[in-house]
Amino acid sequence: MNYEKILSDRVRNMKPSGIRKFFDLAAQMDDVISLGVGEPDFQTPWSIRKTAINVLERKRIVYTANSGLMELRESISRYLKRKYNLTYDGAHEIIVTVGGSEAIDIAIRGLINPGDEVLIVEPSFVCYAPIVEMTCGVPVPIPTKEENKFKLTAQELREKITDKTKLLILPFPNNPTGGIMTREDLEAIAEVLRGTDIMVLSDEIYSEMTYGRKHCSIAELDGMRERTLVVNGFSKAFAMTGWRLGYLCGPEPVIAQMVKIHQYAIMSSPTVSQYAAIEALENCDDEVQHMVKEYNVRRRYLVEAFNRIGLTCFEPEGAFYVFPCIRSTGLTSEEFCSQLLEQKQVAVVPGNAFGESGEGFVRVSYAYSLKHLMEAVKRIEAFISERNQ
Amino acid sequence: MMNELLELLRQNARLTNAQLADMLGTTEAAVAAEIHRLEAKGIIKGYSAIINDELAKTSEVEAIIELRVTPKRDCGFDEIARTIMMYEEVESLSLMSGSYDLSICVKGNTLKEVAMFVSQRLSALDGVVSTATSFVLKRYKEKGIFIEEEEKDERGLICP
Ligand SMILES: Cc1ncc(COP(=O)(O)O)c(C=O)c1O
């Protein structure tokens, strides 16, 4: 068989994830200290697991409604109101998805016609551009800058808007930079968008992980709810990555169309996870707060440590990553990461894996114990001081 | 700052003041002052290491003794607890709710030594109704730390 001919051109032309190559390299080595993952190190809170166990014992695990258990959608609705002052009707404006990932996928597929331009704030999570390309849309990166704390500015946005612009992907708190957008920052963006036909896909999966101030959703601002799709989920806030559950919220006419994709591609999201998720939203504030407090201690430690070592590091206010600049070493991001891996067996992710504007930086995850972080810092410090000799 | 500081020290009492200051977002001087205050007030009672005795080859034996006693009018269990507490062999001592009253952890060089201590010293005390001694065979976890093996990280090395 000539598979080259058989496969879809669009799939063959998809770039493999920039992380893959590096992953293969790390996998061959022993004694690697990794700071490379984007998922919490905490165990899912017990009451959530307990709920799932009870469900397995007592219920038949059958499909739920396509959009998800009504009880869960109502719970999401209350949660979003309570946490971020967002108003979504559980019956018509929320779809429970297989992770934030599926929410992103159906949102993009549901909006994009061939040739539509999609503005993607970069550096950012790796899935947006490939999904846009699969739908024959045109990804248009908007690089953000360290001197702006990796925020999107109104100026940068305005410069990229054309009459083909359909969608802005706004991923804050940001993976990999840890940057956030405050209400004032978002207001400036909203000002540019109001009165246009541009939609916003606001990926707020890290909304619970902010340090110092509460997360603000762009959908809360005047005139923005009608042009915004909010993606959120359970993976990060409740340490539930493997449960594969997230949600998409938006205006009813949009959600009504997107639920068709979900219905045909997925049928319904994992049932056990959906029951457990209700417990997460209703009864786990303390557990989340505990995790965030712990992340904050690690965050402060790492920022200080990198600055001391001479890899300058702006203070990230969200997610669980720090994004130190490695230009002082004279290495590219990829060189830095492969040399650090080979010489000191520490794995961090090259910033350019998250878009070209990530070049000159590396992503360091602090979803690890302090003990682990301290050992890694010791090794990175030795790496830098040996280079400086 | 107190609770966060105590939490960090509970996990690792050997963090330097500089490290603690970074983690807590404060200065070294403030950490030093706070630790001094907590020690002076008796909130921090001491610092100790968590040791894998098997590897360290200390050949001590350890037993947990469940003691039932008749409480004394006016002073309850305090009087007998204060007596027991003074024995060097007693590593820890707690008043319990439930089917017995005092839980005593005793360390000694040999099984016999510990057994003798229980039968001759503890059982003989005024007010002791019964003792039940269990020897510790193996410790898996202490103060939140796995003794024999590192906690496994099931996550991959790298993911976006
Ligand atoms: C910014 C961002 N969005 C979405 C996701 C997808 O998460 P999930 O599908 O587990 O909800 C991730 C995961 O790393 C992420 O970092």
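## Interface of chain B and chain A

Chain B and chain A bury about 2,000 Å² between them, with carbon and sulfur atoms giving 63% of that area. The model is predicted. The contact draws on 32 residues from chain A and 17 residues from chain B.

**Polar and charged pairs between the chains**

- The interface of chain B and chain A contains 1 salt bridge under the rule applied.
- B:Glu4 pairs with A:Arg300 in a salt bridge, and their closest N and O atoms are 3.7 Å apart.
- Between chain B and chain A, 10 residue pairs are in polar contact, both residues being at pLDDT 80 or more.
- On the side of chain B that touches chain A, α1 (2-11) and α2 (17-24) of chain B each supply at least two residues.
- α2(B) provides the largest share of that side, with 4 residues.
- The side of chain B that touches chain A comprises 8 nonpolar, 4 polar and 5 charged residues.

**Domains of chain A**

- Chain A is assigned domain 1 (3-44 + 286-383) and domain 2 (47-283).
- The centres of domain 1 of chain A and domain 2 of chain A, taken over C-alpha atoms, are separated by 24 Å.
- In the contact between these domains, 36 residues of domain 1 of chain A meet 38 residues of domain 2 of chain A.
- About 3,200 Å² is buried between domain 1 of chain A and domain 2 of chain A, and 61% of this lies on carbon and sulfur atoms.
- Of the area that domain 1 of chain A buries against domain 2 of chain A, 24% is supplied by A:Thr44, A:Phe314 and A:Glu317, more than by any other three residues.

**Pairs and elements at the domain interface of chain A**

- The rule finds 2 salt bridges across the interface of domain 1 of chain A and domain 2 of chain A.
- A:Glu317 forms a salt bridge with A:Lys149, with 3.9 Å between the closest N and O atoms.
- Between domain 1 of chain A and domain 2 of chain A, 16 residue pairs are in polar contact, both residues being at pLDDT 80 or more.
- On the side of domain 1 of chain A that touches domain 2 of chain A, the elements giving two or more residues are α2 (9-12), α12 (285-309) and β9 (321-322) of chain A.
- α12(A) gives the most to this side, with 7 residues.
- By class, the side of domain 1 of chain A that touches domain 2 of chain A has 20 nonpolar, 9 polar and 7 charged residues.

**Ligand surroundings**

- The ligand is surrounded by 13 residues, of which A:Gly100, A:Ser101, A:Asp203, A:Ser235 and A:Lys236 are the closest.
- A polar backbone atom of A:Gly100 is 2.6 Å from an oxygen atom of the ligand.
- In the side chain of A:Asn175, an N or O atom is 2.9 Å from an oxygen atom of the ligand.
- A:Arg244 places a polar side-chain atom 2.8 Å from an oxygen atom of the ligand.

**Domains of chain B**

- Chain B is divided into domain 1 (2-40) and domain 2 (53-138).
- The centres of domain 1 of chain B and domain 2 of chain B, taken over C-alpha atoms, are 34 Å apart.

**Backbone features of chain A**

- The peptide bond joining A:Glu122 and A:Pro123 is cis, with omega about 0°.
- A:Pro123 is located in the loop between β3 (117-122) and α7 (128-134) of chain A.
- A cis peptide bond also runs from A:Phe172 to A:Pro173, where omega is near -5°.
- A:Pro173 lies in the loop between β5 (165-170) and α9 (183-193) of chain A.
- A:Met267 is a residue other than glycine with a positive phi, near 75°.
- The loop between α10 (252-265) and α11 (271-283) of chain A holds A:Met267.

**Salt bridges in the structure**

- Over all chains, the structure holds 33 salt bridges.
- One of them joins A:Arg109 and A:Asp105, whose closest N and O atoms are 2.8 Å apart.
- Both A:Arg109 and A:Asp105 belong to helix α6 (residues 99-111) of chain A, where they are 4 residues apart, about one turn of the helix.

Terms used:
Residues are numbered from 1 along each chain as its sequence is written. Chains are lettered from A and ligands numbered from 1 in the order in which they are written. This is a predicted model: local features need pLDDT of at least 70, side-chain atom pairs count only at pLDDT 80 or more; totals for chains, interfaces and linings use all residues. Side-chain values use heavy atoms; hydrogens and water are left out. Domain bounds come from an automatic or database domain assignment. Contact means heavy atoms within 4.5 Å. Buried area is the accessible area (1.4 Å probe) that two parts lose on being put together, summed over both. A salt bridge is a side-chain nitrogen of Lys or Arg within 4 Å of a carboxyl oxygen of Asp or Glu. A polar contact is a pair of N or O atoms within 3.5 Å; within protein, one must be able to donate a hydrogen and the other to accept it, and residues adjacent in sequence count only if both atoms are side-chain atoms. Ala, Val, Leu, Ile, Met, Phe, Trp, Tyr, Cys and Pro count as nonpolar, Asp, Glu, Lys and Arg as charged, and the others, Gly among them, as polar. A residue is near a molecule or strand if one of its heavy atoms lies within 4 Å of it.
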